[in-house]
Amino acid sequence: MSGITRRQAIGAAASAAAGLAAVGAARASATGAAPHDQAHAGAEPDSFDEVYLGRRIQGAPSHDGGHHAGHGGGHGAGYSVRIDGDELHVMRNADGTWISVINHYEPRATPRALARAAVVELQGATLVPLTPPAA
C-alpha cells in the first residue's frame, strides 16, 4: 500500500490550492489593497471623497509644489490626502506603494487604502497637521 489513492491526491491538491488562496488574501490584506488596487498600484491614483468609519477622507492630485511634491508621481505634482479636512502627509515609494506619517512602516497600494488605514490607527483622535518648527 505504498501508492497514493486518487482521493488522497485530490485532497492534497485541494489543500494546496486553499493554502495559496489564503496566502494571496493575507498579502492583499497586509498591503491594505484589494486585488484591483494592486494591479493598478503603479498607475496615477484616482481622486476619492468618502466617509470611512465616520471620518471624511479625501484624496486628489496636488500641484502645489510642496516639500515632497516630487514623491507624488510626477514633476512638480504630488498627491494630497485629507482626513476631516486636515492634511495627512503622504509620500509615494519607488515601488509605487504609499506611506504616511501615521503608517510609515506599513506601505499601502493606494492613497485611499492609506487614508483608511490612518483612520483605523487614529482610533477617533484628531489628525494634527505637520508644521515646521518656528525659527
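Okay, let's start with a question: does R112 count as buried, partly exposed or exposed, and at what relative accessibility? R112 counts as partly exposed, at 30% relative accessibility. For the cut-offs, buried is under 20% relative accessible area, exposed is over 50%, and partly exposed is in between, with a 1.4 Å probe and protein chains only. I'll come back to that arginine.

Some housekeeping. What you see is a predicted model, where local features need pLDDT of at least 70, side-chain atom pairs count only at pLDDT 80 or more, and totals for chains, interfaces and linings use all residues. Residues are numbered from 1 along each chain as its sequence is written, and side-chain values use heavy atoms, with hydrogens and water left out.

So, the layout. The protein chain has 3 helices and 6 strands, and from the N terminus the order reads α-α-β-β-β-β-β-β-α. Those are DSSP runs numbered from the N terminus: helices are H or I with at least four residues, strands are E with at least two. There are 135 residues in the protein chain, and 30% of them count as buried. The accessible surface is about 8800 Å², with 58% of it belonging to carbon and sulfur atoms; that's Shrake-Rupley with a 1.4 Å probe, and for residues only the protein chains shown count as cover. On contacts, meaning heavy atoms within 4.5 Å: of those in the protein chain with a separation of 6 or more, 46% come from residues 24 or more positions apart.

Now the strands. Two strands pair if DSSP finds at least two bridges between them. Strand β1, residues 48-52, pairs with β2 in the antiparallel sense over 5 bridges, and Y52 stands opposite R55 in β2. The two make a hairpin with 2 residues between them, and L53 in the turn has a positive phi of about 50 degrees.

Moving along, β2, residues 55-62, pairs with β3 over 6 bridges, again in the antiparallel sense. One of the partner pairs there is A60 with S80 in β3. Then β3 is joined to β4, residues 86-88, by 3 bridges, running antiparallel, with V81 opposite L88 in β4. That hairpin also has 2 residues between the strands, and D84 is the one with a positive phi, near 50 degrees.

Why call β3 largely enclosed by the rest of the structure? Because 5 of its 6 residues, in the stretch 78-83, are buried.

On to helix α3, residues 111-122. It has 12 residues and reaches 16 Å from first C-alpha to last, close to the 16 Å expected at 1.5 Å a residue; the expected span is 1.5 Å times one less than the number of residues. Its buried residues are P111, A113, L114, A115, A117, A118, V119 and L122. What do they pack against? The list is β1, β2, β3, β4, β5 (90-92) and β6 (98-100).

By nonpolar core I mean a set of buried Ala, Val, Leu, Ile, Met, Phe, Trp, Tyr and Cys residues joined through side-chain atoms within 4.5 Å. The largest one has 14 residues, and I57, V81, I83, L88 and V90 touch the most other members. β3 and α3 are the elements that give two or more residues to this core, and α3 gives the most, with 5. Leaving aside neighbours within four places in sequence, I57 has contacts including F48, Y52, I83, A115 and V119.

Last topic, charges. A salt bridge here is a side-chain nitrogen of Lys or Arg within 4 Å of a carboxyl oxygen of Asp or Glu, and the count comes to 6. In one of them, R92 meets E44, with the closest N and O atoms 3.9 Å apart. R92 is in strand β5 and E44 in the loop between α2 (35-39) and β1, so this pair ties together parts 48 residues apart in sequence. R92 counts as buried at 12%, whereas E44 is partly exposed at 41%.

And back to R112. Its side chain meets that of E50 in a salt bridge, at 2.5 Å from N to O. R112 is in helix α3 and E50 in strand β1, so the pair ties together parts 62 residues apart in sequence. E50 is buried, at 16%.

One more pair: R108 and E106 meet in a salt bridge at 3.8 Å, N to O. Salt bridges with shared partners also join E50, R112 and R116 into one network. That's it from me.
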